[in-house]
Protein chains: 2
Amino acid sequence: MFGCSEIIPAQPSGWTEIVPGVWKTIIGTPDRIDLFSTAGIKPAADALTKMGTREFPFSESDIVTEVINGETYLRFPLLKDEQIFGFGLNFKTVQQRGKILQLHVDHYGGTDNGRTHAPVPFYVSDRGYGVFINSSRYLTVYAGSAVRKDSPSAPEPLDRNVDTKWTSQPYSDAVEILIPSHGVEVYVFAGPTPLDAISRYNLYCGGGCLPPRWGLGFTQRVPTLYTSEQVEQEAEEFEKRGFPLDFIGLEPGWQSKSYPCTLEWDNKRYPDPVNFIKKMKEKGIRLNLWTNPYISPASPIFSKILPFTGSHTVWGGVVPDLTIPEAQNILLDQIERDQVTLGISGYKIDECDGYDRWLWPDVAKFPSGNTAEQMRQIYGLLLQKLTTDLYHQKNTRTYGLVRASNGGGSSFPYVIYNDYYSHEDFITALINSGYSGVLWTPEVRSSKTGEEWLRRIQTVCFSPMAMINAWSSGTKPWSFPDVEKEVKEYALLRIQLIPYLYTAFAKYHFEGIPPFRGMDLEEGFNAGVKMEIKNRNLNDNPYAEAIQKEIKDQYMTGEYLLVAPLFTGQTSRKIVLPKGKWYDFYTGKYAGAGEVITVTPGLSKIPVYVKDGGIIPMMKPALHAPVIGQKFDLEIKYFGSKPGNYMLYDDDGETFGYENGAYSWREIKVVIDKKGKFSGIISKAEKGKPDNVGKVTWKFMSVE
Amino acid sequence: MFGCSEIIPAQPSGWTEIVPGVWKTIIGTPDRIDLFSTAGIKPAADALTKMGTREFPFSESDIVTEVINGETYLRFPLLKDEQIFGFGLNFKTVQQRGKILQLHVDHYGGTDNGRTHAPVPFYVSDRGYGVFINSSRYLTVYAGSAVRKDSPSAPEPLDRNVDTKWTSQPYSDAVEILIPSHGVEVYVFAGPTPLDAISRYNLYCGGGCLPPRWGLGFTQRVPTLYTSEQVEQEAEEFEKRGFPLDFIGLEPGWQSKSYPCTLEWDNKRYPDPVNFIKKMKEKGIRLNLWTNPYISPASPIFSKILPFTGSHTVWGGVVPDLTIPEAQNILLDQIERDQVTLGISGYKIDECDGYDRWLWPDVAKFPSGNTAEQMRQIYGLLLQKLTTDLYHQKNTRTYGLVRASNGGGSSFPYVIYNDYYSHEDFITALINSGYSGVLWTPEVRSSKTGEEWLRRIQTVCFSPMAMINAWSSGTKPWSFPDVEKEVKEYALLRIQLIPYLYTAFAKYHFEGIPPFRGMDLEEGFNAGVKMEIKNRNLNDNPYAEAIQKEIKDQYMTGEYLLVAPLFTGQTSRKIVLPKGKWYDFYTGKYAGAGEVITVTPGLSKIPVYVKDGGIIPMMKPALHAPVIGQKFDLEIKYFGSKPGNYMLYDDDGETFGYENGAYSWREIKVVIDKKGKFSGIISKAEKGKPDNVGKVTWKFMSVE
C-alpha cells in the first residue's frame, strides 16, 4: 500500500470508434511499450470501412476499470450461456470460459495456464464481439472464473456434503483481468458474428499475412550438422523419389557457432554459400535458416552490438535490446549482407519464447529501460517485424517459423512451432491459432510407427506449413516404407491445393478471415459444450474437476473444406457436420447435413468434407509450387447440389506488387440447368492484372 | 516506464545485527504487510544470544539491491561449488541451485516451480548462512540460474554444434530475486553450519512448535459423512483390534453445510456434540475438525462478518479479511463458543493454498486494502496464528493440519498436507520441510496394494503426524489384511518412540533444530550432487535437460535416527551412511561407516539406522500417548560402541507451562567399563520440575 499510490477514476476515458466497428479506450497511464506499437500495425482502414460499423457491443456501464496502487483492474460482462474463445495459442481446449490464465510468453508446458508461445490478450465471444488488451505485461485473466460478492447473478452456494450439483467452478458473469501496470489501452471489435470480430481484429493489425506461393508447398528441415553437399543430395533424393519440395530448412549447423549464435556461415559445412544457394534455387528449392537472437562473442557483430544488449546473457550470448534502432540495424545489417542478399528465403527464429533458462531472466535490465518482462512479451513480435520489414524493402516475400508471437502479429509471415509433440493437442492449437491472429504448424518430427507418421503427415498437409522437421530425428517423408505411397499422395495433394490455399490466405490478408479456423466460427455449427466429471473418485480426482466436452479435433481449411483428422490408434471417429449438406472430398458422395456422423476411413485417408456448392480450384500434382510468371493449369472441382460461387485470387506469388493493386480476383461460378446438368464459368482477370492460370478443366463431383 | 517512477540508491540501509548472528536491512519502502509481522514472531532472544554471534557471511559489497519503477531487485553471491537449499516446500529436489521459481502460495501441481503450499522465501547455503526475504508478494527467484554479462566469473560460451560439454544451464554466480514492490526487508542468518543457520531462523521465528504429546500418537480421519455414532464405533474398532489412536479427524460432514462453511455442527450427524466429545475424551481420543475459511450465507456469523470480507466469493462463500481485528474476532468467537470450549483439540484448515479457483482470484479486493496477492501469500499464516493464539489463551496445546504456510510460521503447531500423492515426492517434501521451518505429513489415504499401503504407513510413522486420511477412501489401518500385522507393529512403534520424538520437538522449540531433516545437514554426510542428462535423444528431450542426481529419499529423525524408506516395487535400495559408525535400529548390528550400503530389508521393515552412541528412549507399546500427569516406563535403547549422551525432555505434555519453566531436561549417559561392559544412568529431574518417567530399563543393542 506504500510506495507510489494512485487511484484513477473507475471509468475509462470513454470509448472512441477509431475506425468503423473498432473502439478504443485508455485507462490510467499505459506503459510506453505495448503490443500494437511494437508490431507497428497499419490498420487496413478501407477493408474495415467496407465492413461498416455496428453498435458498441456493451453497455459502457457494464465495463468496470480501475487503477489501484500501480495495478490496473478490468472487468467485462459475460452473459449466462455466452462462450468465449482465444487468449492465444492454447493446446487443450477451444472454449476458454472458466479458465484462469497468466498470459506469459513461454514454451507450452502441457497445461493451458496462459504460458504459451503466443499468449495473445484477445478474446472473442460467440455473441459476436472481440476484446483486446494492448499490454506488454504478464496479464492475469479470470475468463468467467471469478465470482463477485456483489454480482447480481451470483450463484447460490450449494452444500457439498449432500448436494451432487455442487461444483468447484460456480457461474461467473465476467471476464476480469489484472494488469501489473498503471494503465492500459483496450480495444473492442464489433461483429455481428465472432468471425467478423476476428476479421476486424486481423484487419486492424494490417490484415493477415500473404505468404509467397512457394511457402504453401512442402518443406523439409535437415539434420543440424548437414553440409551443403548433403543438402543438395537430399534435394536430389526428393526429386528422384517424386516427393514435392519447395524449401529446405537449415538448422544450427549452418552457423559457425550456435547457442549462442555467430549469425555467419560455417565455412567447413558451407564453404560456398553463394553458389550453394544459387544451385538450390535453380533446382526450385529455397533455403530457410534457423537462428536464435543470442549473439556469440565469436560473431562479427558482437562488439558492435554489445553496448545495446541486456544485463544478462543466454548460454554466454548477449541479448540485443531490439527496441533500440542501433541494435536493430546491426542485427539486420549482418543477416542482410551475409544471407538475405544471397537469396536466403527466410528464417526460423528459435528460443524467443522462454522455457525460462532458454531466455533472459526477469531480473535482466535493458538499455532502453524496458523491463525484462516487457521484452519477453514483445521479443517474438520484434524479431518478426524486423525481418518482415527487411524482406519488404527487398520486395521479396518471406515465409518463416518463429517460437513466439503476441497480439498485433497477424500480418507477419511467420508460423509458430514448438517442441511439444502431442498430435491431438497440435490440432487443438491449430484451431486456436485462428482465434488469435497467428499461424501454427503441427510439424512432423518423428514417429513410433508408420501409422503415426502418416496420420501426422495427413494433418500437417492441411496446415499453414507442410513441414517435416528432421533437425534431430533425420526422418524423411519415406522413412516409413509401409506408408511411403500414402505420404507421397498427401504431399502431392498439398501442392494441388495451392490455388485454393493461396486464395484462403489472400482472404486472410484482404478480409481478415483466418485460413484455418475452429468449427465454432462456422455458420450452422452447434456442438455446444458440456462440463463433465469423468472421475468421481476423490482419491484420483480430489478437486472433483470437470472436463470440458467440446469439438477440438476438426476444423475448417479455407472457405469450403472441413478437415477431421484421425490419431494413432483410432480407426473410426465422430464428425460434427454443420447445417447444410456436406460432401466427401475424395468421392463427392453426400455425407450428411447438420448431424453427427461416424466414419471409418482407413489409414490411407484423412476425412475431408466439402460444403454444399463448394468450389476447390486445384493444380496438377507437381514437385514445386509455381514460380513467378509460371502458368499453371487448373482443375476446378465442384461439390454438392446448389449453384456455386467462388473468388479465385491471383498475383505474382513472390513480390509485394499486390500492395499496389497487382492482383486479380476471378469469379468462378457453377450453374445447374433445368435438366440438372452442371456447368462452370471462370471470369477473366481484369486487363493488366495478374493471370497465371493456363488450361481450365472442370470436375463436378456431386454424387447424391 | 511511465506512471510512478523512482530509483532508490543501489545500496541497502546497511546491515544491522538485531540479535546475535541475525542481521537485517531495509531496502526501499517495504509493503505494510510482510510475513514476520503477519506471523507475529517473538524471537527467542535468549537462545539466539546463547548461540553467540559470527561474522557477517558476505562482503556487503557483494550484495546488490535496487528499486526501479516500483520493483525491487536483489542479488546475493554464490561461490563456484556452493549448494543451496530451501525456498519452501519443494517436492522434486532438495538442492535448489539452478532453479527458477516464482514463490507463490498454491497447491503443488507436480512441478517445482515455486507454486507450493509453503513457498518460504528462505534459503540456506552449505557454506553456513541463511537468507530470508520478508515479503508478502509473489517473488521471482533465480537461484543460481541467471548469468550476468558483467559477472567476473561468467562462463565461456560453448558451441552446441560440436561441443558435447554444452549445457542449457551455464554456471551462475548469484541468487537473484525480483520483488514486485517498492521495497523489502531482508534478513541474514549466520552459521557456522547450515543447520545453525536454520536453527537461528527457527529461533528468530520464536522457536519451532512443541506439539502436545498426544499429537505424536496415531490419528485417523474418517469419511466425510460419518455420524458421531459411527465415529464412536470406529474408535471402538481401533481398540478392539489393538491399534493405537490418539485423535480422530472429522471431515466436512461435521458442519451443517460445507464448501462454503457454516462453522457449526450438523445436528443430524452430530446431535449432541458436548457429550460426544466428552465420551471420546474418556476413551482417550481427541477430535480434530476440518474446515475452510469461506463463510456460507447459512452460517450464524455470515451477516456479522460480511462487512469485513473481500470483493469475491469462493463457491458462494465470503472471504474474511483476517487482517482486520473485527473479522478475526467474529471467526474466533464462533469456533471458540461452538467447538473449542467443548474440547475440540484442533483444526484441519483446508483450501487456503489455492489451486486457483479453490481460493479468491488475484483481482479480488479486501477492505484492509491489502491486495489479493498479499492475502494469498499470508492467509495460511494468519489462520495458523489466530487459532494458535486461541488455544494459547486456553493454556491448551493444539496440533492440527493446514494447507498453506509461509515464512515466519515455525512456531505454529500445524502440519502441512495436500492432495498430491507421489510417495517418493512426499519423502522429498518431508526433507525440504526441515529447511523451511514447516512440518509436512506424507499422509496415507489409499493404496492399490498391501505393499504400497505398508510402505506408506512405514514412512508416515516416521513423520510429524502419523495419519491415515480416509475422508474419501474410507480406509482403515487394517484395510489390507495381508499387511495388517506389520501396520500394527509400526503404529505401535510410533507410540513407543513418543519420548524420543517429543524430545526432538523440544529441541525444535528450544534450539531451533528441525525434528525431521535432510542428510545434507548431517555432519560427515557427503553425497555431492551431479547433473546428469538421462536422455540424449533430442526428440524426447528437446531441451537436453539434465536431471539432478542427489539423495532425496533418506532423512534424519531426531538426533540419532536415519530413516531410508522403500517405495512400491522396490525390494532393495542404496543408503548413504555419513561418516562414523551406524547401527541397525532393529537388531543393533553394525551397518557401516561413511559408505554406501545396499539393503534388502523385506516388505515388513523400513530401514532405520542409529548413529554410534545413539540413545533412543522408548515407551512400552500402548494405544494412546500418556495424558497429563500419567507416568510411563522407559526402555532406553543404546546403540554403538562409544560412550553415549542424550538429553531427555519432559513436561506435562498438554499445557504451556513449559513457557514458564515447567519442564525438565534429564541427562542420559551410557558408559563402558574396562571390560567393555555397558552401563547407563539417567539424571533425576530437578526438584519441582516435571518427571513423568516411571520404571527405567536399559537395552544395549550393540552387536559388532
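Me: Buried means under 20% relative accessible area. Why is Ser299(A) called buried?

Reply: The model is a predicted one. In it, Ser299(A) has a relative accessible area of 6%. The cut-off is under 20%, so Ser299(A) counts as buried. Ser299(A) sits in the loop between strand S17 (286-291) and helix H6 (302-305) of chain A.

Me: What does Ser299(A) touch, not counting residues up to four places away in sequence?

Reply: Ser299(A) touches Cys261(A) and Thr262(A). Contact requires heavy atoms within 4.5 Å, so each of these residues has a heavy atom within that distance of Ser299(A).

Me: Why is Phe87(A) called buried, and what is said of its phi?

Reply: The relative accessible area of Phe87(A) is 1%. With the limit at under 20%, Phe87(A) is therefore buried. Its phi is positive, about 55°, although Phe87(A) is not a glycine. Phe87(A) belongs to the loop between strand S6 (84-86) and strand S7 (99-105) of chain A.

Me: Why does Asn395(A) count as partly exposed?

Reply: Asn395(A) has 38% relative accessibility. Buried needs under 20% and exposed needs over 50%, so Asn395(A) falls in between and counts as partly exposed. Asn395(A) is not a glycine either, yet has a positive phi of about 50°. Its place is the loop between helix H8 (372-393) and strand S21 (400-402) of chain A.

Me: Which residues of chain A are joined by a cis peptide bond?

Reply: One such bond joins Gly191(A) and Pro192(A), with omega about 15°. Another joins Tyr259(A) and Pro260(A), with omega about 5°. Pro192(A) is in the loop between strand S14 (183-190) and helix H3 (194-204) of chain A. Pro260(A) is in the loop between strand S16 (247-250) and helix H5 (273-282) of chain A.

Me: How many residues of chain B are in contact with chain A, and how much area do the chains bury between them?

Reply: On chain B, 85 residues are in contact with 84 residues of chain A. The two chains bury about 7,200 Å² between them, and 57% of it is on carbon and sulfur atoms.

Me: What makes the pair Glu66(A) and Lys365(B) a salt bridge?

Reply: The closest N and O atoms of Glu66(A) and Lys365(B) are 2.7 Å apart. A salt bridge requires a side-chain nitrogen of Lys or Arg within 4 Å of a carboxyl oxygen of Asp or Glu, so this pair is called one. The count between chain B and chain A is 2 salt bridges. The interface also has 30 residue pairs in polar contact.

Me: Which element gives the most to the side of chain B that touches chain A?

Reply: S18(B) does, with 5 residues. By class, that side of chain B has 33 nonpolar, 31 polar and 21 charged residues.

Me: How do you know that strand S18 of chain A pairs with S12(B)?

Reply: There are 2 bridges between them, in the antiparallel sense. Pairing requires at least two bridges, so these strands are a pair. His312(A) stands opposite Arg148(B) in S12(B). The open sheet has 3 strands in the order S19(A)-S18(A)-S12(B). Its edge strands are S19 of chain A and S12 of chain B, each pairing on one side only.

Me: Why is Arg517(B) called buried, and what does its side chain reach?

Reply: Arg517(B) has a relative accessible area of 5%, and the limit is under 20%, so Arg517(B) is buried. Arg517(B) lies in strand S25 of chain B. Its side chain reaches the backbone oxygen of Gly558(B) at 2.7 Å. Beyond its neighbours within four places in sequence, its contacts include Leu195(B), Glu522(B) and Tyr555(B).

Me: Which residues of strand S33 of chain B make up its covered face, and which its uncovered one?

Reply: Ile597(B) and Val599(B) form the covered face, and Val596(B) and Thr598(B) the uncovered one. In a regular strand the side chains alternate between the two faces of the sheet. S33(B) pairs with strand S30 (residues 573-576) of chain B in the antiparallel sense over 4 bridges.

Key: Residues are numbered from 1 along each chain as its sequence is written. Chains are lettered from A and ligands numbered from 1 in the order in which they are written. This is a predicted model: local features need pLDDT of at least 70, side-chain atom pairs count only at pLDDT 80 or more; totals for chains, interfaces and linings use all residues. Side-chain values use heavy atoms; hydrogens and water are left out. Buried means under 20% relative accessible area, exposed over 50%, partly exposed in between (1.4 Å probe, protein chains only). Buried area is the accessible area (1.4 Å probe) that two parts lose on being put together, summed over both. A polar contact is a pair of N or O atoms within 3.5 Å; within protein, one must be able to donate a hydrogen and the other to accept it, and residues adjacent in sequence count only if both atoms are side-chain atoms. Ala, Val, Leu, Ile, Met, Phe, Trp, Tyr, Cys and Pro count as nonpolar, Asp, Glu, Lys and Arg as charged, and the others, Gly among them, as polar.
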